[in-house]
Amino acid sequence: MVAAWLAYRFVEANRLRPELAYPALLVCIVCNSSFWSGYLNYQCGLLVLMAYLSLPDDRQRDPRVVCGVSLLAFACHGFCLLAFGV
């Protein structure tokens with residue numbers, strides 16, 4: 001659900017052709033090989049990147065947004081260690 005909403009925002013923000021962009025995003029970002037292999041951290045990192053690229057240019061340059069996205073992207077690496085901690 002979140003991935004579909006982010007794909008919609010990404011296509012609208014970048015003014016892409018929906019008939020080409022949605023299948024490309026589905027294959028390259030949403031359901032790529034890391035999704036089927038179970039690499040949740042990589043999958044979440046791609047969604048964070050897609051969300052960042054969906055923002056307007058002035059928001060992408062905001063230091064608070066850059067800091068927040070950087071922390072989220074860094075936290076995505078820790079998701080794989082969560083299973084060991086549990």
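These questions and answers look at helices and cysteines in a predicted model.

Me: Is helix 2 parallel, perpendicular or oblique to helix 4?
Reply: The axes of helix 2 (residues 18–30) and helix 4 (residues 40–53) come within 10 Å. They cross at roughly 135 degrees. That angle makes helix 2, relative to helix 4, oblique.

Me: How many residues in the contact of helix 2 with helix 4 are nonpolar?
Reply: From helix 2 come Leu25, Cys28, Ile29 and Val30. They meet Gln43, Leu46, Leu47 and Met50 of helix 4. One residue of this contact is polar and none is charged, while the nonpolar ones number seven.

Me: What length should helix 4 span?
Reply: Helix 4 has 14 residues, counted at 1.5 Å a residue.

Me: How many disulfides does the structure hold?
Reply: A disulfide needs two cysteine sulfur atoms within 2.5 Å. For cysteine 44, the closest cysteine sulfur is in cysteine 76, at 5.3 Å, so the pair is too far apart for a bond. The count for the structure is zero.

Me: Is asparagine 41 buried or exposed?
Reply: Asparagine 41 lies in helix 4. Leaving out residues up to four places away in sequence, asparagine 41 touches Cys76, His77, Phe79 and Cys80. Its relative accessible area is 17%. Buried means under 20%, so asparagine 41 is buried.

Me: Is cysteine 28 buried or exposed?
Reply: Cysteine 28 has 52% relative accessibility. The cut-off is over 50%, so cysteine 28 counts as exposed.

Note on methods: Residues are numbered from 1 along each chain as its sequence is written. This is a predicted model: local features need pLDDT of at least 70, side-chain atom pairs count only at pLDDT 80 or more; totals for chains, interfaces and linings use all residues. Side-chain values use heavy atoms; hydrogens and water are left out. Axes are lines fitted to C-alpha atoms, for helices over the stretch in contact, and angles run from 0 to 180 degrees between N-to-C directions. Helices (H or I, at least four residues) and strands (E, at least two) are DSSP runs, numbered from the N terminus. Angles under 35 degrees count as roughly parallel, over 145 as roughly antiparallel, 65 to 115 as roughly perpendicular and the rest as oblique. Contact means heavy atoms within 4.5 Å. Ala, Val, Leu, Ile, Met, Phe, Trp, Tyr, Cys and Pro count as nonpolar, Asp, Glu, Lys and Arg as charged, and the others, Gly among them, as polar. Buried means under 20% relative accessible area, exposed over 50%, partly exposed in between (1.4 Å probe, protein chains only). The expected span of a helix is 1.5 Å times one less than its number of residues.
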